[in-house]
Amino acid sequence: MKFTEEQYQKIVETSDKAFKEWNFGLLNSNAICDFRGMFEKMHFNLIEDWDKISALANPLTREWAHDKFVEKEKEFYWTSKKQDINGDFARLYKCGSEMISNYSMMKPKNNINSDEQLTESEIKAWGYNPEMFDREEV
């Protein structure tokens with residue numbers, strides 16, 4: 001079983017707290033209690049998944065473990081459900097600076113560029129409401 005991106009973020013937050021505040025890292029009893037409580041809520045087994053958790057928690061192995069143990073979030077094309085006064089649709093896209101923006105377009109909904117492949121968490125991070133958009137899986 002793989003972790004979700006949300007679960008990964010919680011592992012990182014808890015481990016970073018353990019390394020910074022408790023000075024003993026993952027072996028500190030406070031960190032283990034935090035992990036145990038978090039994973040009981042998520043229905044994971046701390047004992048069986050400890051090797052994965054520790055690899056995700058360790059800053060030196062985090063990137064490698066993310067690729068191996070975290071589900072890839074699906075990407076979608078996000079097009080506004082509503083047309084503007086000219087009959088154009090707003091489309092979300094990623095700028096070169098990793099910022100998410102939108103633009104109105106006259107081209108048809110199915111004419112899509114690669115910079116428009118975005119995950120739901122990416123658009124939420126920039127304050128967009130996914131409910132206001134039609135999404136088509138990449």
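The structure is a predicted model, in which local features need pLDDT of at least 70 and side-chain atom pairs count only at pLDDT 80 or more, while totals for chains, interfaces and linings use all residues. Residues are numbered from 1 along each chain as its sequence is written, and side-chain values use heavy atoms, with hydrogens and water left out. The model holds three aromatic pairs and five salt bridges.

**Aromatic rings**

- Rings of Phe, Tyr and Trp (its six-membered ring) count as a pair if their centres lie within 6.5 Å; planes under 30 degrees apart are called stacked, over 60 edge-to-face, and the rest tilted.
- One of the three pairs is formed by Phe76 and Trp78: the ring centres are 5.6 Å apart and the planes stand at 70°, so this pair is edge-to-face.
- Tyr128 and Phe133 also make an edge-to-face pair, with 6.2 Å from centre to centre and 75° between the planes.
- For accessibility, buried means under 20% relative accessible area, exposed means over 50%, and partly exposed lies in between (1.4 Å probe, protein chains only).
- Phe76 is buried, with a relative accessible area of 11%, and Trp78 is buried with a value of 0%.
- Phe133 has 10% relative accessibility and therefore counts as buried.
- Arg135 lies over the face of Phe76, at 4.5 Å from the ring centre; the rule for a charge over a ring asks that NZ of Lys or CZ of Arg be within 6 Å of the ring centre and within 35 degrees of the ring normal.

**Salt bridges**

- Side chains of opposite charge can pair when their charged atoms come close.
- A salt bridge here is a side-chain nitrogen of Lys or Arg within 4 Å of a carboxyl oxygen of Asp or Glu.
- Helices (H or I, at least four residues) and strands (E, at least two) are DSSP runs, numbered from the N terminus.
- Lys10 forms a salt bridge with Glu6, and their closest N and O atoms are 3.7 Å apart.
- Because Lys10 and Glu6 are four residues apart in helix α1 (residues 5–21), about one helical turn separates them.
- Lys10 is partly exposed at 32% relative accessible area, whereas Glu6 is exposed at 54%.
- Glu120 and Lys124 meet in a salt bridge of 3.2 Å, N to O; they are four residues apart in helix α5 (residues 120–125), so about one helical turn lies between them.
- Glu120 also meets Arg135 in a salt bridge, at 2.7 Å from N to O.
- Glu120 lies in helix α5 and Arg135 in strand β5 (residues 133–137), so their pair ties together parts that are 15 residues apart in sequence.
- Through shared partners, salt bridges join Glu120, Lys124 and Arg135 into one network.
- Glu120 is partly exposed at 23%, Lys124 is partly exposed at 47%, and Arg135 is partly exposed at 45%.

- Asp49 sits in the loop between α2 (29–41) and α3 (50–57).
- Lys and Arg count as positive and Asp and Glu as negative, while His and the chain ends are not counted.
- Asp49 is buried but has no salt bridge, and the nearest side chain of opposite charge, Lys52, is 4.1 Å away.
- Leaving out residues up to four places away in sequence, Asp49 touches Phe3 and Phe44, where contact means heavy atoms within 4.5 Å.
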